[in-house]
Amino acid sequence: MTDRRDSEPLEAQPQPIREMEEGGAKESGSNLVVDVWQDVTNRLTRWLPIDRAARTAVRWFSVSDERIAEILSAVRDRLPTTEALLIGKPQAGKSSIVRGLTGVSAEIVGQGFRPHTQHTERYAYPSEDLPLLIFTDTVGLGDVNSDAGEIVAELMADLQQDRGLARIWILTVKINDFATDSLKQVAGQLREAYPNVPGLLAVTCLHEAYPPNLDDHPDYPPEVEDVKRAFAVLQEDFSGLFDRAVLLDFTLEEDGYSPVFYGLDALRDALADLLPEAQSRAIYQLLDEEEGDRIGNLYRDVGRRYILAFATIAATLAAVPLPFATMPVLTALQVSMVGLLGKLYGQTLTPSQAGGLVSAIAGGFVAQAIGRELIKFVPGLGSAIAASWAFAYTWGLGEGACVYFGDLMGGKKPDPQKIQAAMQDAFQAAKQRFKGHY
């Protein structure tokens, strides 16, 4: 949806991008996403050829690097972002909760956390610029050398900053850990100071309480006496300090337990009950089971999780019922997504280079973008269809970018036809998925 800037001629683009742009320019833009607009499109082409309309739209909606940064900053303040404060001892399963909610690998989650204060670390998903989920993890809680009072003070100082985010704190306790005095101290002070911030008690590592004859997870919830007894004791121990409690066992594939994220649906439902509608809707979309079953290699699996997050953001923004008002915003969003995917595949792109790649792999979809914006003139129906188109287009664009970066990583020359085919297929599939969720 964006084109190379005027200051960057075609020759200045990397060779694979140049070749794709030249091939993409030959694509027809007449295949509009919504059939109801076919007649409108036919009339439009009589007096304004669609190829020329696409080129005009590209010029209108190109966004400079500085403008992209400005737009992303403004969008960040409007996203349905959830900040989860993870409170628990080391090895209690806090990072596993992050993996379960984002779908990304343990290695990437570990690399994503960055120091926030002396006793906390923070991880934003899918990116710092456009976060749907922000995890703040307490570091050193339960360590004899750590002062629980200092940890509480840092968390309270963070909560005092009103960033317009929906917040929840998650107390993470292992099923067989009853030495919880420091955790109760932290939870009690937070509850007293911020009674309106909902709290969730997550009891983890259930398999450590399984009997010897049980070598896999039972049906959920687990009807295992030792688990039920310990769960009841912990709920009583933390009485008054949480609003909901769930049983979780998020393991690694090599641990041999199935499913890997045991209790994920219960966690999702508990968060949905405790969070505002917009945030719970986003979490349901991020935990789409259909996409979770399509596990390929590490890069494609993690890439799709990032794509899903950006597609969810795009759908949210595209619902604004103002024709053409969201075009620069969606352009900036998609440039940011392609840049993040490139980094995942070991390719560092500037915003200008990412914008050139977006233009190259989008091909004739730019003309469809015009149709998406025009349909916003239809009362009621227009914004819903625009949101569907934005979700599907962003998803398809991300899939095309993964094919492109995958070819580069494998030492292959990117194939424009293969990339366009992947984008078209993903686009059609994503439209159907969006209809199922909204």
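**Helix packing and burial**

Modeller: Helices α7 and α8 are roughly parallel to each other, where roughly parallel means an angle under 35 degrees, roughly antiparallel over 145, roughly perpendicular 65 to 115, and oblique the rest. The model is predicted, so local features need pLDDT of at least 70 and side-chain atom pairs pLDDT 80 or more, while totals for chains, interfaces and linings use all residues. Residues are numbered from 1 along each chain as its sequence is written, and side-chain values use heavy atoms, without hydrogens and water.

Colleague: At what angle do the axes of α7 and α8 cross?

Modeller: Axes are lines fitted to C-alpha atoms, for helices over the stretch in contact, with angles from 0 to 180 degrees between N-to-C directions. Helices are DSSP runs of H or I with at least four residues, and strands are runs of E with at least two, numbered from the N terminus. The axes of α7 (residues 148-160) and α8 (residues 181-193) come within 10 Å, and they cross at roughly 30°.

Colleague: How many nonpolar residues does the contact of α7 with α8 have?

Modeller: Contact means heavy atoms within 4.5 Å; among the residues that meet are Val152 and Leu155 in α7, and Val186 and Leu190 in α8. Ala, Val, Leu, Ile, Met, Phe, Trp, Tyr, Cys and Pro count as nonpolar, Asp, Glu, Lys and Arg as charged, and the others, Gly among them, as polar. Beside 3 polar and no charged residues, the number of nonpolar residues is 8.

Colleague: How is α4 oriented to α14: roughly parallel or roughly perpendicular?

Modeller: The axes of α4 (residues 65-76) and α14 (residues 327-344) lie 9 Å apart, at an angle of about 100°. The orientation is therefore roughly perpendicular.

Colleague: How many residues of α5 are buried?

Modeller: Buried means under 20% relative accessible area, exposed over 50%, and partly exposed in between, with a 1.4 Å probe and protein chains only. In α5 (residues 94-102), Lys94 and Arg99 are among the buried residues. Of the 9 residues of this mostly covered helix, the number buried is 8.

Colleague: How many disulfides does the count come to?

Modeller: A disulfide is a covalent bond between the sulfur atoms of two cysteines, counted here when the sulfur atoms are within 2.5 Å. Cys205 is buried at 14% relative accessible area, and Cys402 is buried at 1%. By this rule, the number of disulfides is 0.
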